[in-house]
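Q: I would like a close look at one part of this model, taken slowly and with the cut-offs spelled out.

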Amino acid sequence: MRHEQIETNSGLLIALTLVVISIGGLVEIVPLFYIEETIEEVEGVRPYTPLELLGKDIYQREGCYLCHSQMIRPFRDEWLRYGHYSLAAESRYDHPFQWGSKRTGPDLARLGGKYSDAWHVQHLTAPRSVVPESIMPNYPWLLENDLDYSDVADRMRALRKVGVPYSATDEGYRANVERHGPELADQLDIAQAEDSLLAQAKSANFDGLAGRITEMEALVAYLQVLGTMVDFSQYDEGYFAEFR
Amino acid sequence: MSDQNKVKPTAPAVQTTGHAWDGDLQEYNNPLPRWWLWSFYGTVVFAVLYWFMFPAWPVGDGWTRGVTTASVIEQGQTVDRPWNTRYQLIAEMQTGDAALRQRAYAEQISSASFQEILDNPEMMAFARSVGRGLFGDNCAACHGSGGQGVVGLFPNLADDAWLWGGTPERIHETLIQGRNGYMPAFGGVLNPSQLTDVSEYVLSLSGLTQPGEAVEPGREIFQGPIGGCYTCHTPEGTGLQSLGSANLTDAIWTLVDLPAEASTEAKRDALSAFIAKGVQGNRVMPGWSDRLSPTDLKLLAVYTHQLGGGQ
């Protein structure tokens with residue numbers, strides 16, 4: 001075909017341009033749909049409980065991902081500082097994933113259980129009161145705002161549409177019982193969402209405030225579960241390397 | 001601008017593409033700079049070599065693994081595995097230069113007793129340098145980068161007051177198990193004047209008020225069944241490290257902020273408010289045995305011990 005014919009026919013030019021640039025995309029994207037083996041098969045990864053889920057939404061709302069990554073890379077220095085490198089499986093229920101691309105603050109992928117709830121409350125309210133050299137902003141409103149959990153079931157329903165196994169049917173519930181045990185299955189059941197949120201907030205009381213459920217409650221619940229789902233002592237290190 | 005829009009005559013030495021648009025608009029066809037062209041060919045060659053060396057192309061439901069290998073030790077045997085970042089990491093952690101050098105020390109540390117480590121300058125130098133990193137990554141968020149803590153929230157690790165004990169063995173135990181600070185709230189047990197009385201007495205224990213008749217009512221509450229404070233803090237007020245109860249006689253205040261320049265009344269009021277509230281579930285030191293290796297925990301115990309207050 002002659003150069004001139006393409007360049008003088010804008011419809012044809014657009015069509016051929018699309019063909020050319022889609023080759024690169026197809027080569028990179030298409031294999032991801034049929035190469036199943038890159039996602040590690042591990043025990044323990046589960047969807048977030050309703051309270052943790054609202055915490056994740058607050059994490060996104062406040063833009064935490066702009067300064068904190070959740071992706072420990074397989075390098076020795078990161079291993080020594082943050083712990084085991086992140087697995088693809090660990091963010092399989094994150095929509096959108098929170099890998100981030102910039103570390104103004106430290107990586108948070110294995111933050112769960114590292115510090116006490118009280119530390120998180122204090123640190124989020126006034127970071128410099130515990131870490132004088134910190135440049136993180138204060139988030140005092142997290143403790144002032146009551147958590148709005150009226151739409152938590154809708155949020156779970158939306159995630160279910162993109163493949164997160166929250167249960168909406170008896171069948172789904174039974175599958176979750178089998179996979180995670182009855183206690184967690186109750187928490188992942190959309191019909192019981194509000195009840196299990198209230199129960200978790202009451203028993204764990206992440207924000208340390210009796211009788212109130214604040215946005216802090218949800219955010220700390222989320223931060224305390226980050227990176228804790230997989231028990232790495234169960235696996236031989238070489239097992240994960242097979243997936244790359 | 002206007003003179004830029006004028007059609008410039010094509011220099012005869014430069015080739016054009018031969019097109020003419022809108023009557024007289026022409027396009028130069030300069031050859032690419034030689035250095036650029038060779039760099040480009042170089043990248044093409046690099047890409048092809050890369051495909052053979054490293055994991056690259058999706059094939060079927062797998063992918064090409066490349067011919068580069070990483071030597072890892074599996075069940076005592078050195079085996080070559082197809083290179084990827086994860087195998088490389090394993091190799092680096094097993095036989096990398098830094099890992100080997102550190103392991104020599106780490107093995108020494110793990111088989112030595114705390115006293116042997118404290119007495120050995122070489123092991124202490126290692127504990128100080130590695131401990132600093134471990135402390136910064138894991139402990140400094142609460143206890144501060146120098147171990148100074150935060151009054152009212154997190155204990156100071158550089159002073160002489162130890163709630164749970166300041167020997168390397170006790171610090172090690174604290175690191176492994178974690179700790180849970182607790183004190184009942186006395187707000188519902190004691191009325192405000194009783195709270196003031198007992199605070200007055202507690203201040204006298206460390207010499208901040210004069211002992212005498214004024215502290216007598218408080219002493220009765222502290223030492224008697226009404227307050228029962230002595231059960232945890234001991235009748236002398238020195239506290240029990242097995243319970244984590246504070247020593248009230250050393251004038252070191254970890255939970256109540258009592259600046260030296262504050263008036264006695266202000267100190268008493270701050271103390272009463274604290275006793276009314278108690279310590280409920282928010283004074284938690286997490287256990288670290290799931291997160292850090294036994295050697296790291298030992299190093300951290302030694303490092304914390306040498307911050308200034310070790311016993």
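Across the interface of chain B and chain A, how many residue pairs are in polar contact?

A: This is a predicted model, in which local features need pLDDT of at least 70 and side-chain atom pairs count only at pLDDT 80 or more, while totals for chains, interfaces and linings use all residues. Residues are numbered from 1 along each chain as its sequence is written, chains are lettered from A and ligands numbered from 1 in the order in which they are written, and side-chain values use heavy atoms, with hydrogens and water left out.

Across the interface of chain B and chain A there are 13 residue pairs in polar contact, both residues being at pLDDT 80 or more; a polar contact is a pair of N or O atoms within 3.5 Å, where within protein one must be able to donate a hydrogen and the other to accept it, and residues adjacent in sequence count only if both atoms are side-chain atoms. On the side of chain B that touches chain A, strand 2 (62–63), helix 2 (85–95), helix 3 (97–111) and helix 5 (121–143) of chain B each supply at least two residues, helices (H or I, at least four residues) and strands (E, at least two) being DSSP runs numbered from the N terminus. Helix 2 of chain B gives the largest share of that side, seven residues. By type, the residues of this side are 19 nonpolar, ten polar and seven charged, where Ala, Val, Leu, Ile, Met, Phe, Trp, Tyr, Cys and Pro count as nonpolar, Asp, Glu, Lys and Arg as charged, and the others, Gly among them, as polar.

Between chain B and chain A there are also two salt bridges, each defined as a side-chain nitrogen of Lys or Arg within 4 Å of a carboxyl oxygen of Asp or Glu. One of them joins B:Asp137 to A:Arg81, with the closest N and O atoms 3.5 Å apart.

In overall extent, the contact (heavy atoms within 4.5 Å) takes 36 residues from chain B and 41 residues from chain A. The two chains bury about 3,300 Å² between them, 59% of it on carbon and sulfur atoms, buried area being the accessible area (1.4 Å probe) that two parts lose on being put together, summed over both. Within chain B, the residues that lose the most area to chain A are B:Arg86, B:Leu89 and B:Arg291, together 21% of what that side buries.
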